[in-house]
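This briefing covers aromatic contacts and charges over rings.

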Amino acid sequence: MQYITLNNGVKMPQLGYGVYQTPPEETERCVSEAIEVGYRSLDTAQAYDNEAGVGAAWKKSGIAREEFFITTKVWITNAGQEKAAKSIDESLKALQTDYVDLLLIHQPFGDYYGTYRAMEEAYKAGKTRAIGVSNFYPDRFLDIAHFAEVKPAVNQMETHVFQQQKVLSKYLRDTDTKLMSWGPFAEGKNDYFNNPVLKEVGASHGKTAAQTALRFLLQKDVILIPKSVHKDRMEQNFDIFDFELSADEIKRIEELDGGKSLFFDHHDPETVSWFMSIL
């Protein structure tokens, strides 16, 4: 397993397991299987409604708590210092732990300043080992990084071969904030798994397009949390440490970057309306 050192010295596994959209009733099984495969970094969120499944799985594994790196996120309905603080305690209870390893603001909406203050207090109280943000584009990220007493350790963003976050990465480097990928496979958009570049580069290493895409992000110093409910896919996603992409291969994959989201058009009226509806 490879580790990334966060800006406060905490070491985080670079490859983890995500449970976004995993049904609550399936989460314990899926996380238990991921643990069997070898995953020790587990990423969940209040909004996923499956923190309890993650908590049950690690607890029943028989593996010591300190062997795991658990991440959760404060949802926008819990924005504000008081509500966020209460929700953090509720997350700890669901996860069956006294602390999480990484605590993030899920979205930059509502009183996220108050949320961040609650997270800073949780950090000082030992309820989390590191704090950060998620879905904070450059303007919002710079705002919170300037405002914060405890600099964000991580910004979790849509990151994959078609959206490599090259612009955001420049700003993250200024505060030594690590980029963490959600959607590393872009949920299969753009015929992801049949991309000729990924398939050709992967074939030269005896790897799949998916493994090649993950390896690319790994070599780009990105933290990964690929999600699958199938154990064989979990194993394939974990099997990316025995090969290395060349500089030429890296360059070819870099050229796939479109520089924009495959999920959200922030100029689209329907998207804007949806964001406004959840404030």
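Tyr 113 is partly exposed, with a relative accessible area of 30%; the term covers values between buried (under 20%) and exposed (over 50%), with a 1.4 Å probe and protein chains only. This is a predicted model, in which local features need pLDDT of at least 70, side-chain atom pairs count only at pLDDT 80 or more, and totals for chains, interfaces and linings use all residues. Residues are numbered from 1 along each chain as its sequence is written, and side-chain values use heavy atoms, without hydrogens and water.

**Aromatic pairs**
- The whole structure holds 13 aromatic pairs, meaning rings of Phe, Tyr and Trp (its six-membered ring) with centres within 6.5 Å; planes under 30 degrees apart are stacked, over 60 edge-to-face, the rest tilted.
- Tyr 17 and Tyr 39 form a tilted pair, because their planes stand at 55 degrees, with ring centres 5.7 Å apart.
- Both Tyr 17 and Tyr 39 are buried.
- Tyr 17, Tyr 39, Phe 238 and Phe 241 make up one aromatic cluster.
- Tyr 113 and Phe 147 have ring centres 4.8 Å apart and planes at 80 degrees, so this pair is edge-to-face.
- Phe 147 is partly exposed, with a relative accessible area of 30%.

**Charge over rings**
- Arg 65 lies over the face of Trp 58, 5.9 Å from the ring centre; the criterion is NZ of Lys or CZ of Arg within 6 Å of the ring centre and within 35 degrees of the ring normal.
- The charged end of Arg 65 also sits over the ring of Tyr 99, at 4.1 Å from its centre.
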